[in-house]
Amino acid sequence: MAFKKLINNKILSLFGVLMLSGTSMVMAADATTAAAPGSDAAPSVWIGVSYYVLLLLVVCFAVGIIGKILHVYDLTLKLQRKSGIKWNNVMGVICLAFLIAGLVGVYWSFTVQGSMILPEAASLHGKTIDTMFWTTFGITVVVFIGTQILLFSFAFIYRGSDKRRAYYLPHNNTIEKIWTVAPAIVLTVLVIFGFFTWRSITNTVDAKGEPASINIDLTGHQFAWEVRYPGKDGKLGMKNYKLVSGSNKVGVDFKDRNSLDDLNADTIVLPVNKSVRLNIIAQDVIHSVYMPNFRLQMNAVPGLPTFFKFTPTITTADMRNRLDKSDFEYHLYCNKICGGGHYNMQKIVRVVTEAEYQDWLSHQKPYLNDQLRKELKMADASQPKQSGVQNRLAFNN
Amino acid sequence: MSTLAVHDHHGVEHHDHDHGHHHKETFITKYIFSQDHKMIAKQFLITGIIMAVIAMLLSILFRIQLAYPDKSFPLLETLLGRFAPGGRLDPNFYLSLVTIHGTIMVFFVLTAGLSGTFSNLLIPFQLGARDMASPFMNMLSYCMFFTASIIMLASFFVQKGPAGGGWTIYPPLSALPKAMPGSAEGMTLWLISMVLFVASQLMGGINYVSTVLNMRTKGMDLWKMPLTIWAFFLTAILGILAFPVLVAGVVLLVFDRSFGTSFYLSEIVVQGQVMNFEGGSPILFQHLFWFLGHPEVYIVIMPAMGISSEVMSVNARKPIFGYHAMVYSLIGITVLSFIVWGHHMFVTGMNPFLGGVFMITTLIIAVPSAVKTFNWLATLWRGNIRFTPAMLFAIGLVSFFISGGITGIFLGNAALDINLHDTYFVVAHFHLVMGSAAIFGMLAGVYHWFPKMFGRMMDEKLGYLHFWLTFIGAYLVFFPMHFMGLDGVPRRYYAFTEIESLKQWLSVNTFITWAAIMSAVAQVAFLFNFFYSIFFGKKATQNPWGSTTLEWTTPVERIHGNWPGELPTVYRWPYDYSKPGAEEDFIPQTTPYSQTMTSNLPHDFEDNPIGLTQYNEWLKTQTVNEEVK
């Protein structure tokens with residue numbers, strides 16, 4: 001009914017004024033740009049905007065006109081002693097149309113966009129996570145489709161009419177019990193399955209008899225990751241944040257003898273099928289180690305060391321062949337808001353064969369480089385053997 | 001309890017009655033420092049709508065950045081100045097936009113705008129009270145909320161821009177002004193604004209709870225309250241218990257920022273400079289934050305659930321299915337919502353065993369949610385559905401709640417969360433289940449109770465247009481995000497251009513942005529309809545929807561004290577729609593059973609043995625009469 005008022009003369013003239021002023025603004029803007037092309041950016045900024053504002057006004061106007069037409073049609077129907085437009089029927093039909101279009105859209109999304117998701121899991125636990133995911137998906141998608149069909153088909157079937165009365169049904173204890181217990185059972189299954197999957201993934205202690213994991217030290221700061229590998233002894237040296245400086249970026253404490261042979265790396269290189277333990281920490285704010293290909297995520301928290309143990313199963317080269325993409329790389333992203341550079345805090349992760357790994361490892365520079373030695377006033381003589389090795393490595397690079 | 005309340009009312013009634021007639025109101029006491037619950041509700045609503053429009057525009061700004069990361073829009077520089085140098089959003093300002101969009105939407109629109117509006121409007125109306133328990137505190141609550149809104153918006157005008165650490169403001173990012181521009185003065189304003197906001201919510205909440213417990217009219221026992229009131233009541237309890245914890249967290253953060261304490265900070269080196277913080281834990285803040293944060297999402301969704309239950313029952317002309325089950329599931333959600341907060345923290349370094357425990361509690365909370373959904377479906381079944389815009393929005397809420405709730409089963413599972421945490425899957429999940437669903441509940445409420453608030457009707461056809469564009473738009477925006485998340489696209493990324501594997505989603509991003517713009521434009525239909533109808537809408541009748549609840553027994557003029565004479569007495573539950581044997585398809589709560597003999601059922605006298613014997617006697621006479629005939 002309000003449409004009657006909406007499209008009365010006052011509103012029409014208001015629209016007219018707006019349109020006119022809009023057009024004149026565009027023309028004025030055109031004139032200025034024509035007079036001084038490029039000399040003043042401000043008027044041209046508004047041209048695009050006034051175009052869209054005009055477009056919006058035209059749309060509003062069209063909506064108003066359609067509303068008016070509907071209203072007139074409604075009135076003529078009523079004049080002919082009919083009941084006017086039955087909006088309940090119209091909306092019921094639109095609900096049904098939405099349901100059908102929605103189901104088609106969901107099918108399209110699942111097939112087209114669904115084929116872009118979940119890159120092949122490249123780790124042992126990633127496979128179990130994917131199994132868990134598809135199980136959950138299988139159960140929930142049935143519920144999703146089923147309940148949406150019920151919702152919109154009920155809306156269509158039971159659309160209102162003056163001839164009918166609704167069925168008075170305040171409650172039915174049996175059916176309520178059924179649909180309380182049924183989801184409870186399904187969820188219990190998912191909980192148990194999920195709980196054991198979770199426990200097996202987070203159980204990061206090396207089991208007896210299992211070869212020790214490779215310890216890798218990952219330190220996040222704005223906006224980069226520092227990577228440190230243990231040397232020959234397989235042990236990472238201690239760190240102390242108070243020792244952080246320009247040359248000792250992660251604050252390694254060289255009083256700990258384990259630190260002397262630690263290696264500094266600029267990519268993360270992992271041997272395939274070997275258990276790896278990432279020791280994660282951040283220096284300034286919270287970051288998050290996220291490697292979607294390995295289904296791996298753990299926050300890097302300042303002051304709180306965290307870790308994630310996993311076993312990569314597919315080498316980068318292998319993955320490139322499978323995907324037929326010669327430039328494919330695994331990536332480590334930061335996945336916890338950490339400041340302006342958050343979106344570009346990435347690191348390449350490369351999974352290689354054991355032989356390639358050993359070769360790569362032997363080419364890495366020691367963390368304790370010459371400059372650091374100088375700063376720490378370490379006498380070369382105190383570790384004659386070690387320095388020899390380091391010099392050789394330095395020459396190789 | 002109710003006898004006590006009745007006594008109270010006699011006193012209050014006379015007082016207010018006189019009050020309403022003799023007291024002359026000025027513009028200031030009527031529209032600004034009003035103590036009338038109806039006016040305060042309108043104040044909350046209109047402030048909420050304005051905040052919602054602002055937050056929506058912010059989201060369009062960052063959506064444009066995501067759709068066209070390489071393009072420059074000179075207009076942006078004209079409008080935003082240093083925040084968009086060269087016509088491209090600054091990465092830090094992008095994060096500020098995301099932060100303020102989230103904060104405004106969650107707190108200022110969906111908490112204050114939703115509960116503030118409808119609790120204030122409906123609690124006295126539907127319970128048969130003349131006003132809130134403490135009208136003055138109610139006024140203070142709005143004043144604080146308004147001040148908090150102003151401070152939040154003012155943060156756009158400080159040198160380094162508004163807070164930018166995400167709406168969860170995790171320290172150390174939010175605690176170290178050096179870490180990002182958004183952690184400077186903008187964050188201080190954010191914290192001040194939130195403290196005021198929480199004070200406002202607490203005053204509101206205490207008022208709601210005490211009104212519900214003490215000021216119900218004669219006959220209105222707890223089991224005769226509409227589901228809206230149950231929802232507002234439980235929401236207020238949640239807020240009272242959860243919000244103070246946020247204040248505790250925020251105050252400690254203020255200490256860390258300004259007074260050199262280290263509650264949340266330990267072993268920090270910012271930009272090469274070693275800081276003097278030791279012994280704190282960033283995880284502590286996350287615990288404090290999510291102890292509020294998780295109940296908060298139920299604070300947002302429960303009023304919407306209550307509103308849509310009511311709206312669906314009225315417009316399906318059918319009692320809500322399983323009223324008791326609906327109430328018990330609300331209570332279940334209320335209790336459980338306090339022991340699930342850890343599911344936001346599965347990968348933060350919290351003890352993994354604790355993660356397992358939180359996973360169990362989280363999936364349990366899905367049971368009451370499922371019960372509610374099935375009950376809504378059963379309410380529609382064999383109804384006589386009248387598609388008012390309010391009804392459509394209530395149906396939309398159910399649809400969103402299903403779509404978004406189901407993905408909660410993935411995210412609540414700690415093992416699956418490893419891969420999905422902080423990706424677009426989460427964004428899609430909560431925007432559907434608490435964002436869109438709650439805003440649809442709010443819009444359903446606005447369309448349904450507009451006649452009660454302003455004495456006029458909104459235009460239905462514009463409402464239809466608004467609904468379908470928004471509903472379809474919201475699905476187009478959020479459905480594709482699930483797939484992005486499953487591909488491992490992290491949220492809060494300024495641009496997808498830097499990372500090879502994210503580039504395949506650039507076209508999807510453009511699509512989402514245009515869908516978002518369409519939905520935003522659709523809101524023009526609502527805003528026009530809303531403000532136009534306030535002044536020029538069709539005059540409303542007293543009970544336009546044929547509803548049973550008490551608010552529709554008040555006069556259209558919306559007088560001070562709500563009812564001109566005595567307060568109404570309640571005889572029955574609020575959902576007697578389409579009762580067989582009744583003359584009309586609804587029986588108001590104020591109609592005694594003695595007047596509706598033909599439609600009474602033995603079930604109506606379950607806790608009323610005298611009534612039952614009378615009913616049986618009446619039945620007997622009926623059968624005797626028939627035999628005589």
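**Working chat on chains A and B**

Me: Where does Pro172(B) lie?
Reply: Pro172(B) is in the loop between helix 6 (135–154) and helix 7 of chain B. Keep in mind that this is a predicted model.

Me: Is the peptide bond from Pro171(B) to Pro172(B) cis or trans?
Reply: The bond from Pro171(B) to Pro172(B) is cis. Its omega is near 5°. In general, most peptide bonds are trans.

Me: OK, chain A now. What is the peptide bond from Gln222(A) to Phe223(A), cis or trans?
Reply: Cis, with omega near -15° for the step from Gln222(A) to Phe223(A).

Me: And where is Phe223(A) found?
Reply: In a loop of chain A. Strand 1 (214–221) comes on one side of that loop and strand 2 (224–229) on the other.

Me: Back to helix 7 of chain B. At what angle do helix 7 and helix 8 of chain B pack?
Reply: About 150°. Helix 7 covers residues 185–214 of chain B and helix 8 covers 227–258. Their axes are 8 Å apart. Angles over 145 degrees count as roughly antiparallel, so helix 7 of chain B is roughly antiparallel to helix 8 of chain B.

Me: Is the crossing of helix 7 and helix 8 of chain B left-handed or right-handed?
Reply: Helix 7 of chain B crosses helix 8 of chain B in a left-handed way.

Me: How many nonpolar, polar and charged residues in that contact of helix 7 with helix 8 of chain B?
Reply: The contact of helix 7 with helix 8 of chain B has 21 nonpolar residues, 3 polar and no charged.

Me: Another pair. How far apart are the axes of helix 13 and helix 16 of chain B?
Reply: 9 Å, at an angle of about 10°. Helix 13 runs over residues 389–411 of chain B and helix 16 over 460–486.

Me: Why is helix 13 of chain B called roughly parallel to helix 16?
Reply: Because angles under 35 degrees count as roughly parallel. The angle of about 10° therefore makes helix 13 of chain B roughly parallel to helix 16 of chain B.

Me: Which residues make the contact between helix 13 and helix 16 of chain B?
Reply: Helix 13 of chain B gives Pro389(B), Leu392(B), Phe393(B), Gly396(B) and Thr407(B). Helix 16 of chain B gives Glu460(B), Gly463(B), Tyr464(B), Phe467(B), Phe471(B) and His482(B). By class, the contact of helix 13 with helix 16 of chain B has 6 nonpolar, 4 polar and 1 charged.

Me: How is chain B divided into domains?
Reply: Domain 1 is 2–265 + 278–536 of chain B, and domain 2 is 550–628. The centres of domain 1 and domain 2 of chain B are 37 Å apart, over C-alpha atoms.

Me: How many residues of domain 1 are in contact with domain 2 of chain B?
Reply: 29 residues of domain 1 of chain B, against 23 of domain 2 of chain B. On the domain 1 side, helix 1 (2–22) and helix 5 (91–127) of chain B each give two or more. Helix 1 of chain B has the largest share, 6 residues. By class, the domain 1 side that touches domain 2 has 8 nonpolar, 11 polar and 10 charged.

Me: Now the chains together. How many residues of chain A are in contact with chain B?
Reply: 99 residues of chain A, with 106 residues of chain B.

Me: Which element of chain A gives the most there?
Reply: Helix 6 of chain A, with 15 residues. Elements giving two or more residues to that side of chain A also include helix 3 (41–79) and helix 5 (124–157). Among the strands of chain A on that side is strand 9 (330–334). The side of chain A that touches chain B has 57 nonpolar, 32 polar and 10 charged residues.

Me: Which residues does Ala325(B) touch?
Reply: Glu176(A), Val371(B) and Asn375(B), leaving out residues up to four places away in sequence. Ala325(B) and Val371(B) are 46 residues apart in sequence but 7.6 Å apart, C-alpha to C-alpha. Ala325(B) sits in helix 10 (residues 323–336) of chain B.

Me: Is Ala325(B) buried or exposed?
Reply: Buried, because Ala325(B) has 23 C-beta neighbours inside 10 Å.

Me: Last topic, phi. What is phi for Asp324(A)?
Reply: Positive, about 60°, although Asp324(A) is not a glycine. Asp324(A) lies in the loop between helix 7 (316–323) and strand 9 of chain A. With 7 C-beta neighbours inside 10 Å, Asp324(A) counts as exposed.

Me: What about phi for Arg558(B)?
Reply: Also about 60° and positive, and Arg558(B) is not a glycine. Arg558(B) is in the loop between helix 17 (506–536) and helix 18 (609–628) of chain B. Arg558(B) counts as partly exposed, with 16 C-beta neighbours inside 10 Å.

Notes. Residues numbered from 1 in each chain as written. Chains lettered and ligands numbered in written order. Predicted model: local features only at pLDDT ≥ 70, side-chain atom pairs only at ≥ 80, totals over all residues. Domains from an automatic or database assignment. Contact = placed C-beta atoms within 7 Å. Helix = DSSP H or I, 4+ residues; strand = E, 2+ residues; numbered from the N terminus. Nonpolar A, V, L, I, M, F, W, Y, C, P; charged D, E, K, R; others polar. Axes fitted to C-alpha atoms, helices over the stretch in contact; angles between N-to-C directions. Parallel < 35°, antiparallel > 145°, perpendicular 65-115°, else oblique. Left-handed = near helix turned anticlockwise from the far one by under 90°. Buried ≥ 20, exposed ≤ 12 C-beta atoms within 10 Å, placed from the backbone.
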